Amino acid sequence: MNDIHATSQLDEKEDLKNNDDSQIRKFYAGKCIFLTGCIGFLGSVILEKILRTCVDIGKVYVMIRPKKGMSMEDRVKERFRNVLFDKVHQLNPNFVEKIVPIYGDLQKTDLALSPEDRRCLIENVDIIIHNASLVYFEAKASHLLRANVIGTQKMLELATECYHLKAFVYVSTAYSHLYNKVIEEKFYPPPADVKLIEQIIRADEEKESGLSKDEIHDIVGQWTNLYTFSKATTEGVVQDFGRTSSFSCLVYRPSIVTPPYVEPLPGWIGNKNGPVVLTLGISLVLNVSIIFCRKFKGPQVYNCASSDWNPVTFGLARAATLRAAYKFPSLKMAWYPFLVYVPNFPLLVIFHVLFHILPAIIVDIVLLAQRKTPMAISAVWRVTKFSRILSHFISSSWIIKSDNLKDVQTRMNAADLKEFPFDLNVVDWYRLIESALLGFRSMLHDTPESLPAAKRNMEIVLLIMKCDDFQNHCEDVCDDFLDEFNYPQVDEDTEADVDLHCTGGHVMMIKFNPGMYIIEQSVSNSSSNVTKTIKGSIATFTNLTPGIKYRYRLYNFTKEGISRPETSEWFTTYEADYRPLPVKSITLLKLEAEKMDKCNLRAEVAFEPAEDRSCYYNVLSWGEEHDLWNFNVAQKPVFRFELNDLKFSRTHNVTISSLNGDTESSSATAFKFHTFSCLEYCNDLTTCAPESVKGLRAECTYNGEFYELKIYWNKSLQEPDSYTIEIDSPGDDQVYSFSVPGNRTEVYISNLNLGPKYKVRIIAESLGGISLPVAIENFISEQTTGMIFSRYYKQRNKKFFMECGRFEDHNQKDLPIEITKKLLSQNYDSETNDPIALTLTHEYELCPKLLKLKGVLGSGAYGVVRLGSLQHKSNNITEVAVKMLKGRSNGKEDLQNFHKEILIMKFVGQHPNIVSLIGFCNMYNKPVLVIEYCCKGDLQTYLRTVSNEFLSSKRIVHRDLAARNILVCADRIVKISDFGLSRDVYQENLYRKKGDGKLPLKWMAIEALTHQIYTTYSDVWSFGILLWEIVTMGALPYPEISSNAVLKLLKSGYRMEQPLNCSIELYNIMFSCWNVRPQSRPTFTQLKEGLDKLLSYHSGNKYLNIDEILYEAQEQYRISEK
């Protein structure tokens, strides 16, 4: 490679004398050439090479036409005045005499040649190099095809008329058949013939606006654009002529070319259209073009590209471009050069706007302000346009075979190889790109003398911008440049005001005024210096020695140069056993909500270090619960830190200790702060819980039989959705609970049984949560207390059942609701109460001997159900279901729940869709509940809703409405069972759970999961889950989701998706049951009406047939197994 470069530096005249043995020169001696496209980039360089090397050549006919008011002769003279032809002028000042301009136009009939010119060419031309073509990709279809295809056909017709033509060279492109990833040196089937091309031309000319883009796209197909389509078609035309011609027809396919690599002028650029594409130097292209014209006959194809010789990668191109940009910068460069490969087009557009269009707009605005002609936008437009044209070619890769070309090289002698080199193996791509950059400098009128100044400017900008990219950590980047660059000195003082920021045993940080500095570090016990380049106001020095003094010298660094230095005082690192002083003070700078989570807070805390200014600190922070943070603050530019995930309305404690390594620490400095409430910050009850109720008070009156309470409270600043009031009296396990709308500030409650004192508790509720409870405790006056005892005494003497729980004097229908309520809340101790004593009438008492137990039907949290047979007095035997406590379930709460279930079933009574109570007895010293036995059958959703409406009217909350608790009888009657979790609801349809009983979480409403509130609305929620179970044939709700995660998921707004076999109408019904606001859910009456209406829409009132669905599921399973 160095030999080639050296050859270009030889004296040209001496070099020509030493190459008399060149066979190519001898071939061209006295020959006449007809060259088209000589004004273009490639044509100009071919013309220069011929005139410079083949000095004995005859005439060179160049086809040209007038343009922009310039005659042919003027255009030729202007081109020869270009710097490209300087060497030709030196070697052969009279070379212009060999040039014969010929007027011609590829788009005109017979090339627009005059009869005289045509005759001249026919009689004299020995070689035709057809290089001209219309490369404008967006040209009108008829213009491009007429010039590239029809024009070449006319050139070939002219060639057949020439008397002694030796060769016809058609310059095509290596991408003429770009649909092939491997492009070989052969003729490929053309996409069209001349006849089809003429039809396309006529079709385009018949339309005023020409063929549309879609029409052109359909025509070109896999050739991507009309230019490559025309080139591929033209190769077929050349092939046809070459088969019968007496001269050689050669197709030459160069890839995209770059500026000259070695000759004639390294880096020469013929236009300002845009980027230089790194593929093939034009020096090599022109040499091959000239070589082809000798001794080769018949149609042949020669590819000239680097992929088969010396391939170029994107990484190599990027490295070579950046190195050349650093080596040969322009004095007019205003931006640091960089090259980015983007993976997609949208990102390319963003980068193009940011780094090309916006800077160009700014430049043009400045030029307009200076009353100069704007030029940046137009330049960017040309670059963009040219880049878009070449985008497909430079963003894809091909393997372009060059075997024929390599064979030509083996048949050339040494003189020709030296004069016309084209061996791509020896190309240095780095130097080729450098030559292109030199061409850009020349185009921008940068003289060689301006290169040192341009380099200095670029180095300063590079350093500043690199350090700006890395901010305070630019020393690794900047120090490398500092060693290489020489900067001028500036007659100014560095005003850095350097001081110690912090220190430790092995680290030291200094602070100074913001800017860019070169910093030298001196050590007290050594003369060695450490140099850094810093942009910012803090510099960190590590790996220091404990107990040593250090001093720093700062040089201010600007684009103008380096100022005089400023030297700091001596600063000392900690001794290894030094115990640092405690922090002086701690301050809360900022307290605000997290950006991504408005339910949590973040605090910014600052502290003031002691006089010894340690670089290391330990922070301990904790709240009222278990939110403990323990972390270190090390080498920070500011003495502050953040605390995240803080909760509202909490007290947080912070302690900070100064550290010296891992061994020594100071005493802790403490600080405490309070976070504000959620409402103070957000002022939104959908996010925050309401504030606690204020001004709660109660007035109690007695009407001779019951107590009445009037409860007051102050109006809240933010109106909640509702209030929940609980009234509790000692000695009574029942807690009265009431729900009150959020716009109320008082409530009147009657018919209460209270003891000597009572407690009133109130909470406010919203979508954001519930407030902290507020409670008051009042005593009833002595006079009222005496009345209570008197009444109690009278009732005790009159009604023994109030004490022991027997009901012999009342039947079920006559039972007052107050008695039932007390029974439901009464504690039943198995050691002191006989379970059989709970009966309301003797008809439900069963003889244990008449009951026989069989297999287990199922089990629950505390009970088990077995199949049994009951013998009647008539000796008839009926299958029954027997429910009893599990063998190990001896808990008092389980037994109480069992007793309450018996009472609930007695109170509910008979209904066709509720499992009926048959009786109960004692077996194995435990209570046994006997109910009717239901077997499986077809399921009717409508009946299930009827039963729920009945329970709602009875003011019973089931609390465990699920498919497992729905039994189907033999006559296809569906019945609700398992009242173990049921509760009687009287006031405001509300019940609040007390205790730690087991709960069916996946069937519970969101308010039941959150606040343990159960209403008929929560049963509606469970009914929606039940519908989902039915439609999915008993699938587990929220599949693949743990029970503990259900509540968080529901609060986020998630609801189960529509099952595949569920209609949208039925899904809308179940989805309405899952409204976050209980009052917005439908009632059971509305559900009954909705389902009734839905069923009436179906033909023949068809129901969901379980047998059919199961059969279909089994069939699908068998198919999937196969």
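**Helix pair.** I looked up how α28 and α30 cross: the crossing is left-handed (near helix turned anticlockwise from the far one by less than a right angle; clockwise would be right-handed). Helix α28 covers residues 1016-1031 and helix α30 residues 1064-1072; their axes come within 7 Å and cross at roughly 145°. Axes here are lines fitted to C-alpha atoms, for helices over the stretch in contact, with angles from 0 to 180 degrees between N-to-C directions. Helices (H or I, at least four residues) and strands (E, at least two) are DSSP runs numbered from the N terminus.

I then listed the contact (heavy atoms within 4.5 Å): α28 brings Gly1024, Leu1027, Trp1028 and Val1031, and α30 brings Leu1066, Ile1069 and Met1070. I get 6 nonpolar, 1 polar and no charged residues there. In this scheme Ala, Val, Leu, Ile, Met, Phe, Trp, Tyr, Cys and Pro are nonpolar, Asp, Glu, Lys and Arg charged, and the others, Gly among them, polar.

**Ground rules.** I'm on a predicted model, where local features need pLDDT of at least 70, side-chain atom pairs need 80 or more, and totals for chains, interfaces and linings use all residues. Residues count from 1 along each chain as its sequence is written, and side-chain values use heavy atoms, leaving out hydrogens and water.

**Sheet.** Next I checked an open, antiparallel sheet of 3 strands, ordered β28-β29-β32. Strands pair if DSSP finds at least two bridges between them. The edges are β28 (697-702) and β32 (746-752), each pairing on one side only. Neighbouring strands are turned by 15° on average, direction ignored. I found 6 bridges joining β28 to β29 (residues 707-712), and Thr701 stands opposite Glu708 in β29.
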